[in-house]
Structure formats: C-alpha cells, structure tokens
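Open the model in your viewer and keep the selection panel at hand.

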Amino acid sequence: MFETKSPSPTATKAELYGSLAQQLSGLLEGEADPIANAANMSALIFDLVPDLNWAGFYFMRGPGLVLGPFQGKVACVRIPVGRGVCGTAIERKTSLVVADVNEFPGHIACDSASRSELVVPILKNGQAIGVLDLDSPHPGRFDDADRQGFERLVEIYIQASDLG
Ligand code: SME
C-alpha cells in the first residue's frame, strides 16, 4: 500500500512541491496507464495541497476536451478548445494562472465556490493532449511557484504514462 505523507503546515511552496514530486514519482512508478495515473495523481493533489476545491484532468477527445479523473464536485463534461480557462490553456499550449475567475472572459463555472484557477497543459511531442485543472475557493490562490510546482508534477505524469 502507498502511504502519502502530509507536508508540514509550515512548509514553503518549494518544500511542498518537492515532497509532492517525490511522492508522485513513487506513486506512478511501474504503472503506465494514463487514466489510473491521472486518478491517483488527482487524489494525491487533492489530499495534500491546501485550499483547493477541485483538482483533475480533461483530455482531448476529437475536437475538444472531455472530463477525466478528478476530485471535487461534479464538473462540466465537454469544453471546446478556446473556451474557458481550460480551453484557452490548451489552445495556447501554455499554463494559465487566473487570480479572479470572474474577470476571465468565458470562464466556465463548474463549482460556484471557485474563485481562482491554475491550468497546466499536458504536452507530448509538442501536441496538446489534455490539461490538469486546479480550482481554489480563495481569490489569488496560485502564484508562479504553484505554476512551476504543478508543471513539474505534470512532467512526472507525462514521463510515467503511456500517452500514445
Ligand atoms: N473553470 C474551468 C472549467 C472546468 S471546472 O473548473 C472543473 C474553465 O473555465 O475552463
């Protein structure tokens, strides 16, 4: 059984994401299934990262994004490329930090508690195949250290998983 370790409440973001990266590498070791890995990664993040109300994946299926494994309240299933924070991040192939979702044109509200959001695209050989989406009930929850930390976690996911 894999036991997760909660980082200290006084841990810096560098320490938090260092610990998460180490634990995620261990959790995904020896398993290449992209859905199983996304499911366990969502659970690890939701369990150990403070102040989140949603953490999960959307994957490209045909012309748009479709909901993947996640933790949090039920969410919208399909997001067209170019729509909302997720659809914009995948269109631009870049991470997006949104301090106030109400100020983001076209933001898609799945959980009305969400106030800020971070979306990291999953890129394989330059192709955008999905996104990791994090929502927080607090405005301005995510900064550049969070973006870098989650980009590192997504890189571990990409390396571990058979993404075709
Ligand atoms: N807010 C996202 C939609 C997904 S939910 O937050 C889970 C967006 O605007 O793309």
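On a 1 Å grid over the protein atoms alone, a cavity is a set of points where a 1.4 Å probe fits but cannot get out, and lining residues have an atom within 4 Å of a point. A volume is the space filled by probe spheres set on the points. The model is predicted: local features need pLDDT of at least 70, side-chain atom pairs count only at pLDDT 80 or more, and totals for linings use all residues. Residues are numbered from 1 along each chain, and hydrogens and water are left out of side-chain values.

Start with the cavity. The structure holds one of 30 Å³ or more. The largest cavity has about 90 Å³ of space. Its lining has 14 residues; select Cys 86, Ile 108, Cys 110, Glu 117 and Asp 133, the closest to its centre.

Next, colour strand E1 (54–61), helix H3 (84–92) and strand E6 (127–136). Each supplies at least two lining residues. Helices (H or I, at least four residues) and strands (E, at least two) are DSSP runs, numbered from the N terminus. H3 gives the largest share, three residues.

Now show the ligand. What space does the ligand take? The largest cavity (a molecule sits in a cavity if more than half of its atoms lie within 2 Å of its grid points).

Finally, draw the polar contacts (pairs of N or O atoms within 3.5 Å). A ligand oxygen is 3.0 Å from a polar backbone atom of Val 85. A ligand oxygen is also 2.8 Å from a polar backbone atom of Cys 86. A ligand nitrogen lies 2.7 Å from a polar backbone atom of Ile 108.

Definitions and conventions:
On a 1 Å grid over the protein atoms alone, a cavity is a set of points where a 1.4 Å probe fits but cannot get out, and a pocket is an open set with protein on both sides within 12 Å along at least five of seven lines; lining residues have an atom within 4 Å of a point. A polar contact is a pair of N or O atoms within 3.5 Å; within protein, one must be able to donate a hydrogen and the other to accept it, and residues adjacent in sequence count only if both atoms are side-chain atoms.
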